[in-house]
Amino acid sequence: MSSDKNQQTTNSLAYFWLNSLESLLNAFVELDPSTRNQLVPLDGIVVRVKTFAPYQVFYLLFTTDRIEVSPRPQGEVQVRLSGRVRDLVWTLLGLESEQRAESKGHLHLWGDANTLNGLRFLLQEFNLRSAAAQWLKSHWPLNMLWQKLSQQDLSWLEDLQPLPSLIKQTREEIATLKIEVQQQQKTLDMMQHTLQKQLAQTRLLLGLVTSSLVVGIVGLILR
């Protein structure tokens with residue numbers, strides 16, 4: 001009975017972990033339209049993921065607009081991916097390139113060659129354009145995240161859940177600020193145009209006044 005209860009608790013934790021991971025992955029995908037577009041050619045691809053520290057096996061199913069995470073394969077496995085959780089997270093967040101992680105032996109990818117190329121391209125492009133990477137480097141204590149990953153503290157997953165919405169909020173604030181700056185620049189350009197027009201009119205008026213004075217002086221001299 002105790003063994004069954006422990007197994008049930010383990011399964012519940014595993015499902016919670018996988019559901020949280022799926023939610024986080026898709027929230028980051030939603031931040032990058034180019035990443036969503038790159039999911040289309042991967043539609044139907046199943047990837048078996050094996051992690052170490054902590055040990056976990058789960059499966060990714062790519063669809064045209066999201067990534068589904070499951071403890072069991074939802075189709076035939078075409079690609080296998082393995083590595084430590086901290087290295088996988090670092091790569092998926094764009095904090096280290098997939099190519100560098102593979103060359104250092106931190107990640108291992110193997111399977112169908114064409115599918116591998118598409119998956120590698122997705123990881124590399126996501127790293128190059130990752131909104132998460134730049135935001136994390138400037139807003140988040142990465143040492144604390146790395147420490148939790150190294151210590152197999154699963155609370156890192158909970159810590160990262162609000163990140164996509166925070167990044168989205170930051171990007172919206174930046175977009176709003178850009179609009180305000182553009183409006184201010186437009187107002188400044190209009191003011192400068194008005195000032196230049198007034199200066200031109202002032203120069204013309206001064207020229208007319210000067211001409212009138214010259215004509216008047218000449219007239220007085222000729223009398």
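User: Is aspartate 87 buried or exposed, and what is its relative accessibility?

Analyst: This is a predicted model, in which local features need pLDDT of at least 70 and side-chain atom pairs count only at pLDDT 80 or more, while totals for chains, interfaces and linings use all residues. Residues are numbered from 1 along each chain as its sequence is written, and side-chain values use heavy atoms, with hydrogens and water left out. Buried means under 20% relative accessible area, exposed over 50%, and partly exposed in between (1.4 Å probe, protein chains only). Aspartate 87, at 2% relative accessibility, therefore counts as buried.

User: With which residue does aspartate 87 form a salt bridge?

Analyst: A salt bridge is a side-chain nitrogen of Lys or Arg within 4 Å of a carboxyl oxygen of Asp or Glu. Aspartate 87 forms one with arginine 84, their closest N and O atoms being 2.9 Å apart, and arginine 84 is partly exposed, with a relative accessible area of 31%.

User: How many salt bridges does this rule give?

Analyst: The count comes to 3. Among them is the pair of arginine 66 and glutamate 22, whose side chains meet at 3.0 Å, N to O. Here arginine 66 counts as partly exposed at 32% relative accessibility, whereas glutamate 22 counts as buried at 17%.

User: Which side chain of opposite charge is nearest to arginine 86?

Analyst: Lys and Arg count as positive and Asp and Glu as negative, while His and the chain ends are not counted. For arginine 86, which is buried yet has no salt bridge, the nearest such side chain is aspartate 87, 4.4 Å away.
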